[in-house]
Amino acid sequence: MRQFFILQGRVGLSARWAAVVCAVLLSGALPYRELPEAAPNPNVDRAGVLRDGVLTVELDAKASAWHHDGANRPALTIAAFSEAGKTPLNPGPLVRVVQGTEIHLSVRNSLATPITLLLPAAIRGGGAASDSVVVAPGTVGVLTTRAATPGNYTYRALTPETPRQAFVTGLLAGGVVVDSAGTVGPPLDRVFVMTEAFVPANGPTTDSSRTNAPGDSRAVAGHIAFMINGLSWPRTERLAATAGDSIYWRIINASAEIHPMHLHGFYFRVESFSPPTPDREIRGAPGRMEVTERMPQLSGMTISWSPTRVGNWIFHCHFPRHIEADPDLTNRSGDHADHAETGMGGLVVGINVAARPGARVVASAPPKRRLRLVAISDAGFPDSEPSMRFVLEERGKRMEAGPAFSPTINLVRGEPVSIMVVNHLTEATAVHWHGIELESYNDGVPGVSGSGGRVAPMIAPRDSFEVRFTPPRSGTFIYHSHMDEVRQQRAGLLGALVVRDPGSASLPDEHVFFLKGSRQPDAANPLEINGNASPDTVVLHSGKPARLRFISLAAVNSNATVLITARRDSSFAYVADSMLMRWRPLAKDGADLPLPEQAVRQARQIIGMGETHDFEFTPIQRGTLRLEVRTYGPNGTLLARVPLRVE
């Protein structure tokens, strides 16, 4: 449960939030009952006035009342943007123009502290910097830019007290969309802007004197609320589509966190990413197909996809803590009667896909294989650090990988399979088949997956649930718990799912490397590979191609960087590595990469949570190598390592 305490300017979870808390509880000049109430912004209507190729947007930054979790709960006093004379919005009003338009963005500062308004210089083709203007209380500041580069961006505001790491003050952030030149008519896409804010525990406070400024000795407990277009699940918008539709979304991350965004049941195509980067360790070229895309702070992407199967699906951040239910409202998910309503929260959007009129229903084929996946809990582990895992059974054969880890499931493309999930735990669970294209009812989100009155249930203790599907493609996928994810995934209810072509078998030098967080939150080694903090040596063969399958559900690090090096030591301090090996990328999230993306390059890759990557690696001589997992950047430190012996 993500809670922290602020006392005398010290923050238990992250120092950057001290100033954010201060900004969220801005008092302004009005008593609480006279504050305007901020509304969620669906990001459908464009702000401002467009005339003669110039969009003029007049904003007002003001103290506002905001009901983060429904009108029946007390409101927070937050800082929010509104258009002049209009209702404050969370996120701020949408700025949308066609390439070549000049943008005049002005802001009146109605707050009691100076703010700095920022626009990405990338909008005008100016790189990674930001254009800015400082606006004193009671005055107006103006930023002007030309929309030269199509993409999705964030405008935002800071106060002098905001640490550099914090990306907005209060909820003073909004989306900027630059459409390609020649775009005419109303937009055919939807825009989703992600924001976050601090929420005090035990109900929001309207006491404007509790600022949590440095030196304030009064402690305030609370959590971070994550929102899409100003709402947290289950209040987020439920989207409707028809099977076969062409869907275009623009996703903008205006928050201070990295969000790996995952779509259930279907692949999406990443059409563009803002700001663009030539670094393939971060992401490949536009046009790739995937089910999860890692979105750093202040990034934006345009995706397209087409639902081919009816039912209820979700699109969400894959960090478990970013989809936790509000801790003020609920206990852990295993205690919920309705997981969909009270077991999830935050960055989740629901999509209902209806059948196209006249479409013929195709009956599923009878299964050719029948498996049992049994969830068990290991004795001798404390409740605070449990070991849970799945055991795989087929025709009397039992496969295990624990403790705190689950075995790989091997399936065949085009072969129908039945998997009976049996719960021998003392709490409810559920299994999601991550990246697999299957019927909604089997997708594994209790209270959501399914259609009509046929909705998937939680799997209660001593109960079972049969899942049926036919894998339509070969590749590397994941199965994992989709209930009480923070606890159950860390405990070991997760594993690899590998689908192969008919008649093919595992290669001698094929290896799965599954990155997960330790079941001990404060462990010396916070990252495990295949359930081990210190994995055994892996043997490869000189001159023979090895297929390396990487999977990450590593909640401990959002920038886990995997590399293969010939260095003789694995220093915990970062050193410039001139001895990296080379490999060939093959697939992302189970989908084969386009041929231009399969060029041989340095063996280094960022793997976001919920992503899978396949590589072909051919060692050229006998000896010792190391597979390392490090944090990203010039100060990257070692998280885990696997010795590689080449024979």
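Leaving aside residues up to four places away in sequence, Phe514 touches Phe405, Ile478, Leu494, Gly495, Ala496, Glu528, Ile529, Asn530, Ile551 and Leu553. It also belongs to the largest nonpolar core, a set of 40 residues, where Trp249, Ile251, Trp305, Ile351 and Phe514 touch the most other members. Apart from that core lies another one, made of 32 residues, including Ala75, Ile115, Leu143 and Ala157.

Which strands does E5 pair with? Strand E4 (residues 49-51) is one of them, running antiparallel to E5 over three bridges. Here Leu50 stands opposite Leu55. The two strands make a hairpin with two residues between them, and Asp52 in the turn has a positive phi of about 55°. Strand E9 (residues 102-109) also pairs with E5, this time in the parallel sense and over five bridges; Leu55 turns up again here, opposite Ile103. Then there is strand E6 (residues 76-83), antiparallel to E5 and joined to it by eight bridges, with Lys62 opposite Ala80. When you look along any of these, keep in mind that side chains in a regular strand alternate between the two faces of the sheet.

Next, jump to Thr292, which sits in strand E22 (residues 292-295). Is Thr292 buried or exposed? Its relative accessible area is 0%, and buried means under 20%, so Thr292 counts as buried. Its side chain makes a polar contact with the side chain of His262 at 3.1 Å. Beyond residues up to four places away in sequence, the neighbours that Thr292 touches are Pro260, Met261, His262, Phe268, His434, Lys588, Asp589, Met609, Gly610 and Glu611.

Side chains of opposite charge can pair when their charged atoms come close. In this model the count comes to 39 salt bridges. One of them links Glu290 and Arg288, at 3.1 Å from N to O, and both of these residues are buried.

Arg238 pairs with Glu341, the closest N and O atoms being 4.0 Å apart. Arg238 belongs to strand E17 (residues 238-242) and Glu341 to helix H2 (residues 339-342), so the pair ties together parts that are 103 residues apart in sequence. Arg238 is partly exposed at 45% relative accessibility, and Glu341 is partly exposed too, at 40%. Glu393 and Arg398 form another salt bridge, at 3.3 Å from N to O; Arg398 is partly exposed, with a relative accessibility of 46%.

Finally, a word on confidence. The protein has a mean pLDDT of 86, and 86% of its residues reach 70 or more. Residues 1-31 are a stretch where pLDDT is below 50, although the model gives that stretch 92 contacts beyond near neighbours in sequence. Residues 204-219 also have pLDDT below 50, with 38 such contacts. Where pLDDT is low, the predicted coordinates should not be read in detail.

Conventions
Residues are numbered from 1 along each chain as its sequence is written. This is a predicted model: local features need pLDDT of at least 70, side-chain atom pairs count only at pLDDT 80 or more; totals for chains, interfaces and linings use all residues. Side-chain values use heavy atoms; hydrogens and water are left out. A nonpolar core is a set of buried Ala, Val, Leu, Ile, Met, Phe, Trp, Tyr and Cys residues joined through side-chain atoms within 4.5 Å. Buried means under 20% relative accessible area, exposed over 50%, partly exposed in between (1.4 Å probe, protein chains only). Contact means heavy atoms within 4.5 Å. Two strands pair if DSSP finds at least two bridges between them. Helices (H or I, at least four residues) and strands (E, at least two) are DSSP runs, numbered from the N terminus. A polar contact is a pair of N or O atoms within 3.5 Å; within protein, one must be able to donate a hydrogen and the other to accept it, and residues adjacent in sequence count only if both atoms are side-chain atoms. pLDDT is the predictor's confidence in each residue, from 0 to 100. A salt bridge is a side-chain nitrogen of Lys or Arg within 4 Å of a carboxyl oxygen of Asp or Glu.
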